[in-house]
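Let's learn to read a protein structure together, one feature at a time. Have a look at the sequence and the model first.

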Amino acid sequence: QSETIALPCAASGSPQPSVRFLRDGEPVAMGGRYSIRDTGASSIELVIANVNDSDAGTYVCVAENEAGTTTSTVELRLSEVDAPSINRVPNREPRVTEDETIADIGRKIVKVNLGSKLTVRCTARGSSTTVAWYRYGELIRENDHFKPT
């Protein structure tokens, strides 16, 4: 999955300053994945398409005119994000007692005594992953009968 980020830089002055970007002290070569977008009101953005690990670093916006030079610095740090995945715990069936009410656990139908406790396990992996449970398409919120742990 490709992602695009934009690093804003607002520069004003008289005469209007020229603006350039550096990454780790070297000029950013425009073209390919790097471009400048004018956002109006003396503001531009350095746009980086298809961001990858090699784009991490210290970016400096340099604004210059006859009166002088000013800079703005931003540190771009990238962290790996994994797509979430859900795995069924091997050799583990839902724990139930007695038989009366029917619960559909994925593709397994389990009979549960009305009012008894049912434990369903879900193992989820991935960066910043959250797990939510749904019943008949409706989100189940924590209450006296449902407590995710």
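This is a predicted model: local features need pLDDT of at least 70, side-chain atom pairs count only at pLDDT 80 or more; totals for chains, interfaces and linings use all residues.

Q: How do I read a sheet?
A: Strands of a sheet pair through backbone hydrogen bonds, either parallel or antiparallel. We say two strands pair if DSSP finds at least two bridges between them. In this model, four strands make an open sheet in the order β3-β2-β6-β7, with antiparallel pairing. Its edge strands are β3 (26-27) and β7 (68-76), each pairing on one side only. Between β2 (residues 18-23) and β3 there are two bridges, and arginine 23 stands opposite glutamate 26 in β3.

Q: What do β4 and β5 form?
A: They form a hairpin, with two residues between them. Strand β4 (residues 34-40) pairs with β5 (residues 43-48) in the antiparallel sense over six bridges. Glycine 40 has serine 43 in β5 as its bridge partner. In the turn, alanine 41 has a positive phi of about 50 degrees.

Q: Is glutamate 45 buried or exposed?
A: Buried means under 20% relative accessible area, exposed means over 50%, and partly exposed is in between (1.4 Å probe, protein chains only). Glutamate 45, found in strand β5, is buried, at 18%. A contact means heavy atoms within 4.5 Å. Not counting residues up to four places away in sequence, glutamate 45 touches several residues, including Leu7, Phe21 and Arg37.

Q: Which residues does the disulfide join?
A: A disulfide is a pair of cysteine sulfur atoms within 2.5 Å. A search of the whole structure finds one, and it joins cysteine 9 to cysteine 61, S to S 1.7 Å. Cysteine 9 lies in β1 (residues 5-10) and cysteine 61 in β6 (residues 57-65), so the pair ties together parts 52 residues apart in sequence. Cysteine 9 is buried at 5% relative accessible area, and cysteine 61 is buried at 4%.

Technical notes:
Residues are numbered from 1 along each chain as its sequence is written. Side-chain values use heavy atoms; hydrogens and water are left out.
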